[in-house]
Amino acid sequence: MTLWGHDRQLFGRERELAEVTSRLLDPGLRGVLILGAEGIGKSSLAEQAADRLASIMAPYYVCGSPVLSTMQYGILSTYLGSATAAEMESPLSVLRTVRAHFQRLTETSGMQSLLVVDNAQHIDEASAHLLTQLAMSGELRLMVISRARAPRIHELLSLARDGLLARIDLGPLSRQAVHEFCVSVLGGPLLQASSTLLSRMSGGNPLYVKELLGRAQRQRRLVEANGAWFLTQEPDCVDTSLVDLVKGMLAARTPAERNVLETVALAGRLPRAVVSAVADDEAVRSLVIDGLLEILPDRDESAHLVQPLHAEIIRSLVPVARSAEIRARVLARYTPVSGPEPDHETGAVLRRTEWALDCGERLGAEELLSAARMANGAGDPVRGQRFAAAVHALPFRTAAEVELAVACAQQGSYSWARARLEDLAEGIREGIGTGWDQDSLHRASFTGALLLRQTSGRSTELPLMADRWLAAAAEVASRQSAGGSVPAQVRAATEVLRVAALVMEGDFSRARTQLAELVKEESPARSHADGERLLVAHGLYAEVLAACGEVGAALKHALSAANLLNSADGKLQSYSGFVFVRQAQSLLHSGRYAQLDQLLARMHAGPQHLLISLGGTLGVFEAALEIHRGRLHEGLRRLRPAVEALRDRDPELLLPYALGLAGYASTVVADGTPAAGFAAQVEGSRYRGPVHLWLTAQAYAAAAEASQSTEGPTSGHLAVLAAQAREAGLRSTEKDILELCLAVGDLAQAGRLAELTADFEGGEAEALHAYAVAVASGNPDRMVAAAEDAIRAQKYLVAVESIGHAIRFYGNHGNLRRQRALIQQLRRRREELAGVTVSYLSPSLHLVRLTRREHEIVELLLSGATSKDIAAHFTLSQRTVEGHVYRIYVKLGISRRADLESAYRALEPGHRSSSLL
């Protein structure tokens, strides 16, 4: 049997498990037929179902195999030991023997028999017929497990069609189920983008996921740091047991079907008409029916392999000579249409270029350079580097060197790429640079700006760099023609770089004025360079506006950048992270959490290679979204691997922000993981990142420190940071910092937060405004009403904090009845509050938090200890212990011991010493 659950666990199969067990108990049915692909988890599901029914059904297991399939009644031979040779010649006698065997088992066990037939695709005809008769008799329950479309189970399929067996088709695991499975296997948190990549590579097949995990670890492409896991590169599967599985699959197909599989695997995607002409249309139909090949509903009815790993393995199995022969046959019948390629076809174009190089063909320099630019533009630098390195013709060599630098920059080799671009620029000044064109000058200048940012260069260096490239462009223009001038697109690009310098140094006032001029152009981009320049300008403008609190306008410009990205036929895909971060910041500050969820989902569905390069970036915003909602535990689970991934690759310079965020969340929930020390690492970061995020990072670190204080609010540093944000005009940053001030107990900042959010756009600001006004008023009824506003805005921690202030008010005024009522309300509404509880409240609300000693006393009480036992344990008087118990009851809002466990678990879920995966 295929056991893929870790410690006999199932992931994402709750619905199927419930269906299997209910159908086995259905008196109108004789059993179930579970169908699915190899490794999809059929056997594990069947075993779990049998275990669940073990008290009323006695399971008996048989398992088919290729050897047993050649023997008559081979799979049932265990139950035929008493049959004579003559009886084995009679199907009726064999049936009687097996029925008698199970009748004895039923009499002995006192339970109904459940016959579990695994690997039924390897069953002989006689056994299949006998199982059909057993099912029809109704004397036992049958659970048959088989791959779909197995030819010898047709009689059992007929029973399913007739309603005697329930047919359950097991599909791939969901993305979330794959994530849970990976976390269980690895024993620690995994970056969500990494599990998404594994899910897509495996097609949701748990066996394939497990093989990929093992392969990635052996290749050191799946790494662990501080107990968290993330992928640094896509794993391959060329030396796993999956290779043998695919070899077996190929061996079972006809020569024509193998030809189709090899052709489509090598090409990546081909029109069906071409595949049918090169191979065989009947074979195409057969593979489609068997679920190995899929015909897409596009204009060409493109064919591709359903399982991505099959394509990779098949390519590795085809010899070079045969690959070249197949390619020649394809090219004889298919000429790809030239011109703009839709996003979904870019991968096919790059695959065809890669295939040509694999076959040893010498492609033209212009074709290779075009492919390198396409690959780099699509954010696929590995292919971009390969194609650019293959360009040897001197007239195209400079442009190819630029693409090599771009590819290396995208892969994180910033120092090498920066040095290479500087050498190229120096060559122009010395008169030895040739082969420059407008596109190469434009790409070199923009890539140089990226590298300056990534290598912690000063903002003052960016205008100097713009001047150098402008001078280089003038030199190239003068060589190409007397009196030649610098191309307009190069001059415009340098203007964007100068504004980017203002954003880097935090001069948002000047940057806003200049960006407003740069984005005035309303006509469509006339060239790739125009589109890139406008995209960057809109993105920078969105960043500035969002930081300054104009989130509506910021969203508009972030959307303009996204539209330019999406309309560029994949050529600007390398800007996906840049555009995503600006959109995400705008949505986060405006409280549009549902839209941010949708944006993250789209990123996870985008090109696979971006899940590696942007994995940490996505993880930070996944976590920030949860933490803004108040779900600190969930946010921290996502942040831990995101922080480690950003240490490896941080294209948007988010690490200081992520460290501060993780340190704060870890301190509040006291999870005991390495994340608790992240806040202290903020000041030591080797780079600061964007000014507004650097202030926010410092604020989270300061809040983490203040949250650990036992001497009341110590938020002086936070107040200083809020003042700095206010002076710089960073209203969104100031809003976040003031929210933290209140969270750590500095209620003096409530008035300023109320003033700031009064005209701030978005649902988050509205909820914060109601909260700040209520706190400033000191009115408990307004605090409770503000909590309702916060719940509607999904600001769950703010809601709990607001009710917490009301609880504190009633406690200070001796109204313990009302205080207990509010605590009970929090407990009842825990699900509505997304699991956020008063265990997260600030030190200023200590009346509803248990001390360490009180936690210990509760645990002893729950274990059955008496007050006398507890007094002896702590060497206290019994009267002192009873006083502790009384205060615990008051804090929990209960009056009797019977309610202690439910109230405590709701108030302090998992207790504060519990660790996070």
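These questions and answers cover how terms are applied to a predicted model.

Author: Residues are numbered from 1 along the chain as its sequence is written, and side-chain values use heavy atoms, with hydrogens and water left out. In this predicted model, local features need pLDDT of at least 70, side-chain atom pairs count only at pLDDT 80 or more, and totals for chains, interfaces and linings use all residues.

Reader: Why is lysine 556 called exposed?

Author: Its relative accessible area is 58%. Exposed means over 50%, buried under 20%, and partly exposed in between, with a 1.4 Å probe and protein chains only. Lysine 556 is therefore exposed.

Reader: Where does lysine 556 sit?

Author: Lysine 556 lies in helix H26, residues 551-566. Helices are DSSP runs of H or I with at least four residues, strands are E runs of at least two, and both are numbered from the N terminus. The chain has 44 helices and 10 strands.

Reader: Why does cysteine 182 count as buried?

Author: Its relative accessibility is 0%, so cysteine 182 counts as buried.

Reader: What makes cysteine 359 buried?

Author: Cysteine 359 has 18% relative accessibility, and therefore counts as buried. Of the 917 residues of the chain, 56% count as buried.

Reader: How many disulfides does the structure hold?

Author: The structure holds 0 disulfides. The term requires a pair of cysteine sulfur atoms within 2.5 Å.
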